[in-house]
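Subject: Structure handover and findings

Dear colleague,

My notes on what was found in it follow directly after.

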Amino acid sequence: MRQYVLRRLLIAVPSLLGISLVLFIVLALAPGDPFSELATNPNVPPEVAAALRAKFGLDDPIYLRYLHWLSAMLQGDWGFSFVSRMNVDTLILQRLPTTLYVIGSAQLLALTIAIPVGVYAATKPYSIFDQIANTLAFIGFSLPTFFTGLLFILLFSITLDWLPFVYTSDIKATGFRWVIEQVRQAIMPVMVLGLFQAASMTRFVRSAMLDVIRLDYVTTARAKGLGQARVIVKHAMRNAMIPVVTLVALQMPAVFGGAIVTEQIFRIPGIGSLLISSILSNDTPVVMAVTFVFACLVVLFNLIADVLYGWLDPRISLR
Amino acid sequence: MLDTELRSMIDEVKDGRMDRRAFVQRMIAFGLTAPMATQILAIGGVAMAQSPAPYKPTKRGGGGPLKLLWWQGPTLLNPHFATGTKDQDGSRLFYEPLASWDSSGNLCPILVAEIPSIQNGGLAADGKSVTWKLKPGVKWHDGKPFTADDVVFNWEYARDPATSALTIGVYQDITVEKVDDLTVRVLFKNPTPFWADAFVAVVGCILPKHLFADYKGAKSREAPNNLKPVGTGPYKFVEFKPGDVVRGELNPDYHMPNRPYFDTIEIKGGGDAVSAARAVIQTGEYDYAWNMQVEDDVLLRLEKGGKGKTVYSTGGDIEFIALNFTDPNTEVDGERSSIKTKHPLLSDPAVRKALALLVDRDAMQKHIYGRAGRTTANFLNGPDQFVSKNTKWEFSIEKATQLLEEAGWKVGADGIREKDGKKLKLLYQTSTNGPRQKTQAIVKQACQKAGIDVELKSVVASVFFSSDVANPDTYSKFYADIEMFQIPMTQPDPAQHMRRFHSRFVATKENKWQGRNFPRWVNKEFDAAIDAAEAEVDPIKRAAFYIKANDIMWQDTVVIPVMHRLKVGAATNSLRPVLSGWTNDTDNIQDWYRET
């Protein structure tokens with residue numbers, strides 16, 4: 001087991017290097033520069049922008065820039081943002097709690113809806129409940145988040161005036177009021193993201209469950225005289241959850257990576273909005289750091305999913 | 001005639017033989033507006049009448065929170081590093097310049113006791129120096145006194161290339177000396193008629209010497225106070241998250257009486273312009289939103305029965321189509337659009353004039369810009385004393401057709417005009433932006449009717465305005481026949497705005513396309529007018545030179561002005577923001593209040 005994890009981690013090193021190289025080259029080849037806003041400002045002579053480019057090393061050859069970046073990264077120096085001239089790690093850490101809170105809650109919401117609904121629908125396939133759940137799931141994942149987001153804003157903020165649609169990262173109230181406000185402002189984004197996730201996950205859980213529920217060992221369990229609840233939860237679900245675990249594990253990096261569209265709509269100061277604004281302003285160090293961390297998380301959670309398989313199903317051995 | 005009469009009248013006011021009011025009334029009789037009349041007095045050497053904004057609150061604070069919504073939040077809070085207005089706006093809450101601009105382009109004293117003038121001895125008669133008298137008793141937020149040393153330090157800080165300040169252009173060619181603790185003198189190499197650049201408005205925000213002295217030059221990025229401003233402004237710093245939020249609280253020791261009105265201030269960033277307009281006008285969640293680049297139809301709809309309205313301020317920002325005078329399709333010494341070539345079609349003045357006749361500015365105002373635009377024939381649209389009255393524009397497909405016919409451009413078999421085997425086909429580029437693409441479509445349609453084939457191209461803004469030498473799609477490389485964008489006027493003076501078309505600034509491979517004369521237009525008469533204006537200390541003659549320069553551009557059709565654009569903000573009904581088209585939205589933040 002320990003050997004397996006170690007080997008997987010070692011394999012991850014070259015793949016992460018490859019990922020970082022590809023990311024860096026794509027970003028370096030992409031047109032534009034962080035100082036385009038200065039171009040039409042008559043107050044700033046063009047030489048100033050050119051001098052800044054030279055100072056930040058944007059005119060160096062790509063391989064040199066990559067090596068600089070890599071050696072700094074290995075020493076734990078993530079560089080500084082060209083746009084805010086602030087260290088990249090501070091910038092990311094500042095944004096992380098909000099993303100974890102909003103996207104994490106959305107994932108939890110998705111799971112708490114998807115698992116019971118999916119399992120129950122699978123135990124009674126083609127019943128009224130199943131039909132309704134399916135229809136809603138189809139509607140749910142056909143509607144993009146930017147559409148439902150705007151719809152929610154129009155309904156709950158503008159027409160009904162119940163919920164704020166501008167997210168505030170630190171609310172001034174204290175104690176109980178603080179909690180209420182935190183929840184109130186997160187309701188809409190969490191619903192938008194959570195329901196979207198829940199829709200596709202419900203379908204997934206349902207089909208995984210259907211595969212298992214018809215197997216002989218489930219019939220055997222029933223024949224032993226076990227109750228329906230026990231059969232479903234103890235026997236069928238445990239096996240049905242294996243593919244679901246993969247899906248959830250692969251979703252986990254997204255919890256850290258944020259949701260670009262939803263964060264933009266609700267002005268949530270998370271990693272997703274940091275990423276998109278950095279991409280738009282060609283702020284290479286920030287884009288590199290966010291995407292690279294994201295890549296590391298994908299690799300890590302894949303490993304965690306594989307380890308979890310062994311625990312869920314002892315027949316899968318890790319070698 | 002008007003000139004000599006005006007002069008004698010100004011002298012009368014100077015000597016006290018005529019009072020200001022009478023002068024202004026006489027000017028109004030000539031058809032000038034009152035602000036323009038006071039401007040003429042000011043440029044004629046009569047001290048500007050301080051017309052302080054009618055600020056009503058009678059005590060400091062008590063106004064509750066002021067919530068501002070910027071759809072691009074400030075990313076840094078050092079005014080010398082500000083890359084865009086968003087950063088300048090954020091810094092300006094805490095830092096202050098010596099003076100700011102009011103809505104009609106007059107200077108308002110902030111950290112000085114008075115605005116320099118010839119009368120009070122602040123301005124040298126030869127235009128080579130300005131003396132600023134600082135306000136006594138001003139304190140930094142940490143309690144240290146504000147003195148002339150701070151002002152001098154800012155000059156040293158910004159002009160050091162190693163600091164990488166973006167304000168270096170303002171400070172590198174001047175000398176600043178301390179006269180005494182509360183007096184500084186700015187010295188210019190040449191007579192400088194526009195002296196109010198250094199230490200004025202957003203580029204003039206003053207950093208405290210005692211906190212930044214150790215971080216001048218290469219270490220500038222490491223200064224801890226880059227993220228925690230300590231200024232002299234109406235609000236004290238509380239919190240900053242780049243791109244997300246800037247927060248401040250009332251400064252109890254602020255140096256202006258009864259100010260500020262609000263107890264706390266916040267700028268929230270992110271999102272898009274339309275939803276920002278919604279949050280102010282429709283739901284009132286926020287008090288003010290900046291830069292409402294939203295179609296007028298949408299704004300009008302939101303305003304119906306809403307809690308807020310849009311507010312406009314006029315500056316000199318101009319949206320225009322520039323014509324390429326060189327050939328973008330021929331390569332000379334590895335350079336396209338080289339100054340050594342001539343444009344095969346646009347070198348014919350008839351084609352340029354015809355194009356100007358095909359830009360339907362009324363339709364663009366009606367369908368695209370609405371209340372946020374004014375039609376104009378001029379490239380230079382303000383301040384008033386510099387605006388030419390000699391120009392006009394019209395939209396007429398018939399006249400354009402006639403002009404082209406007369407010049408020998410005949411319609412070919414495919415409906416496109418041609419002459420000597422050259423077809424009238426143009427590539428029209430601009431940045432990707434809703435209103436710009438609509439404008440392109442309107443121009444293309446009119447051109448088609450006149451037998452000109454226009455191919456449209458749009459480039460992402462971050463590429464189009466990039467200074468990346470390797471990229472072929474930048475506006476300064478201009479590998480197209482015509483292109484359109486906006487040039488903002490960041491101060492109420494035309495010097496920088498007009499200088500860019502001087503032939504010595506032609507963009508070439510040699511200067512890495514950093515030259516600002518991107519149409520690559522060369523005109524000796526224009527050069528002479530600009531050179532003369534820049535050396536002219538007499539304000540009236542100087543204004544005449546700029547008007548002449550503008551008219552030469554108009555006659556030669558170097559650019560086709562599309563729209564004189566106004567700045568649009570959104571404010572809740574009770575808020576009284578003090579805005580100016582000549583400066584940033586927060587440049588007079590100390591005067592904002594709420595009507596109760």
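Helix α4 of chain A is bent by about 35° at A:Leu96, and within four residues comes a proline, A:Pro97. Please note that this is a predicted model. The end C-alpha atoms of α4(A) are 50 Å apart, which agrees with the 52 Å that its 36 residues should span at 1.5 Å a residue.

Chain A

The secondary structure of chain A consists of twelve helices and zero strands. Its C-alpha trace extends over about 85 × 60 × 40 Å along the principal axes. Of its 319 residues, 36% count as buried. Among the contacts in chain A with a separation of 6 or more, 72% are between residues 24 or more positions apart.

The contact between the chains

Where chain A touches chain B, 46 residues of chain A and 49 residues of chain B take part. On the side of chain A, the elements that give two or more residues are α2 (46-55), α4 (88-123), α6 (145-159) and α11 (271-280). The largest share, nine residues, is from α2(A). Sorted by class, this side of chain A holds 24 nonpolar, 14 polar and eight charged residues.

Chain B

Chain B contains 17 helices and 23 strands. Its radius of gyration is 25 Å, and a compact globule of 596 residues would have a value near 25 Å, so the two agree. The box filled by its C-alpha atoms is roughly 80 × 55 × 50 Å along the principal axes. Buried residues account for 53% of the 596 residues. Of the contacts in chain B between residues at least 6 apart in sequence, 67% join residues at least 24 apart.

The seven-stranded sheet of chain B

Seven strands of chain B form an open sheet with mixed pairing, in the order β7-β8-β9-β1-β10-β21-β11. At its edges are β7 (235-241) and β11 (308-313), each of which pairs on one side only.

How is β9(B) paired with strand β1 of chain B, parallel or antiparallel? Strand β1 (residues 65-70) and β9(B) pair in the parallel sense, over six bridges. B:Leu69 stands opposite B:Lys268 in β9(B). Strand β9 itself (residues 264-269) is mostly covered, with five of its six residues buried.

Yours sincerely

How values were computed:
Residues numbered from 1 in each chain as written. Chains lettered and ligands numbered in written order. Predicted model: local features only at pLDDT ≥ 70, side-chain atom pairs only at ≥ 80, totals over all residues. Rg over C-alpha atoms; globule rule 2.2 N^0.38 Å. Buried ≥ 20, exposed ≤ 12 C-beta atoms within 10 Å, placed from the backbone. Contact = placed C-beta atoms within 7 Å. Nonpolar A, V, L, I, M, F, W, Y, C, P; charged D, E, K, R; others polar. Expected span 1.5 Å × (residues − 1). Bend = angle between axes of the 7 residues up to and from the residue. Pairing = 2+ DSSP bridges.
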